[in-house]
Amino acid sequence: MLVISSNQRKPIFLTVAFAFICACFFFWPLKAPLNVKSDHPNLPDPTALPAWHNTTRVKAAFVILTRNNELDALRKTIQQLEARFNHKFNYPYVFLNDEEFTEEFKELTSGLTNAETKYGIIPKEHWSYPEWIDVEKADKLRKQMEDDGVIYGGSLSYRHMCRFESGFFYRHPLMDEYEYYWRVEPSVEFYCDLDYDPFLYMKENNKKYGWTISLLEFQTTIPTLWSTVKSFMADYPEMIPKRNLMDFISNDGGREYNLCHFWSNFEIADLKFLRGPEYSAFFDYLDKSGGFFYERWGDAPVHSIAVGLFLNKSEVHFFDDIGYKHDPFMHCPISRELQKKCHCSAQDNFDWTPNSCMQKWNDIRF
């Protein structure tokens, strides 16, 4: 029988271990790309017909709140959106404004797409103080926030915008026929080819809310928002499912808000979620508290907290493949396969910076 001394065993063991590690590194890269390609909707089978050959379309639209003086910035955004996605799928555009769009605006936006374009005016009651607001109090508090250097603290129009995006855009008559929306803003950029239909993906996979960037809110804009949310939860406990995304918006089971939110200047969502009884009751409760005017509550934390309260992780989708920038933050895919469809730099990706909530999202289990 062959006998191996202890001095001989050590180098043999190290050799075998080294060979095993090398084998793992050798074979693992061969499998990983296959998993990405088979699982990701934007990396389809190259032998299959392109997704846009499928004539099935969801009842969906881009919705854009904008003004006539933003025409040039918006045209750049539409050009990118058409080039990267919509020239293949031709989803309609709904443009909303608190005043009439000019003929120039209509001509120069509709000329950028073969898709249908619609132009609507926001009802006055959706862009003004509601009757329960103490206007003098609101004016004084707005001036105080401006003096304190709170971002957009002195802007009344910004408050109207946040309230409108929180609770009214989906009630506009031009939105009645649609089931899903993709929010777009002037000056944003789209960096990646999108070779599948995200609306159809959302519908077929029971996704109710989709996002690209998550970050921390400014506490000074929402000092009483979370206490109002907690009052809502106490008054309507039957509306809060046990399995939700509370752990994304709170680090302590709901006692305090951790300021994490999805940046709502980009969102793709199911309109049934916003039109449903839970979100409707939630928005009305917040609206009656006056926080949109007495403070400076943004639509991003409002939407995000609602997602956290009423949805679970399986109903929310991170659009990793949509390279997107709204100054000053950008999401850029870091996967090499997805990068082949993009012109952004993965090194500029906001996702893993200190003010991002991506790690919080990843830590949550389905």
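Select C260 and C357 to begin: both are buried. This is a predicted model. The two residues are joined by a disulfide with an S to S distance of 2.1 Å. At -95° about the S-S bond, this link is left-handed. C260 belongs to strand β8 (residues 260-262) and C357 to the loop between α13 and α14, so the bond ties together parts that are 97 residues apart in sequence.

Next, select C332 and C344. Their sulfur atoms are 2.1 Å apart and form a disulfide. The link is right-handed, with 85° about the S-S bond. C332 is in the loop between β12 (329-331) and α13, and C344 is in the loop between α13 and α14, so this pair ties together parts 12 residues apart in sequence. Both cysteines, C332 and C344, are buried.

Now select C192 and C342, where a disulfide has an S to S distance of 2.0 Å. Which hand does the disulfide of C192 and C342 have? The torsion about its S-S bond is about 110°, so it is right-handed. C192 is buried, as is C342. The chain has three disulfides. Counting bonded cysteines along the chain, the pattern is 1-4, 2-6, 3-5.

The rings come next, with a count of 49 aromatic pairs. Select Y236 and Y285, an edge-to-face pair with centres 6.2 Å apart and 85° between the planes. Y236 is in the loop between α7 (225-235) and α8 (246-249), while Y285 is in helix α10 (residues 277-289); the two are 49 residues apart. Y236 is partly exposed, with a relative accessible area of 29%. Y285 is also partly exposed, at 22%. Then select F273 and Y279, a tilted pair at 5.9 Å centre to centre and 50° between the planes. F273 and Y279 are both buried.

K288 lies over the face of W132, 5.0 Å from the ring centre. The charged end of K313 sits over the ring of W361, 4.6 Å from its centre.

Finish with helix α12, residues 299-310. At 1.5 Å a residue, its 12 residues should span 16 Å, and its end C-alpha atoms are 16 Å apart, which agrees. Is helix α12 enclosed or open to the outside? Of its 12 residues, 12 are buried, so α12 is largely enclosed by the rest of the structure. Among the buried residues are D299, H303 and F310.

Note on methods
Residues are numbered from 1 along each chain as its sequence is written. This is a predicted model: local features need pLDDT of at least 70, side-chain atom pairs count only at pLDDT 80 or more; totals for chains, interfaces and linings use all residues. Side-chain values use heavy atoms; hydrogens and water are left out. Helices (H or I, at least four residues) and strands (E, at least two) are DSSP runs, numbered from the N terminus. The expected span of a helix is 1.5 Å times one less than its number of residues. Buried means under 20% relative accessible area, exposed over 50%, partly exposed in between (1.4 Å probe, protein chains only). Rings of Phe, Tyr and Trp (its six-membered ring) pair if their centres lie within 6.5 Å; planes under 30 degrees apart count as stacked, over 60 as edge-to-face and the rest as tilted. A charge sits over a ring if NZ of Lys or CZ of Arg is within 6 Å of the ring centre and within 35 degrees of the ring normal. A disulfide is a pair of cysteine sulfur atoms within 2.5 Å.
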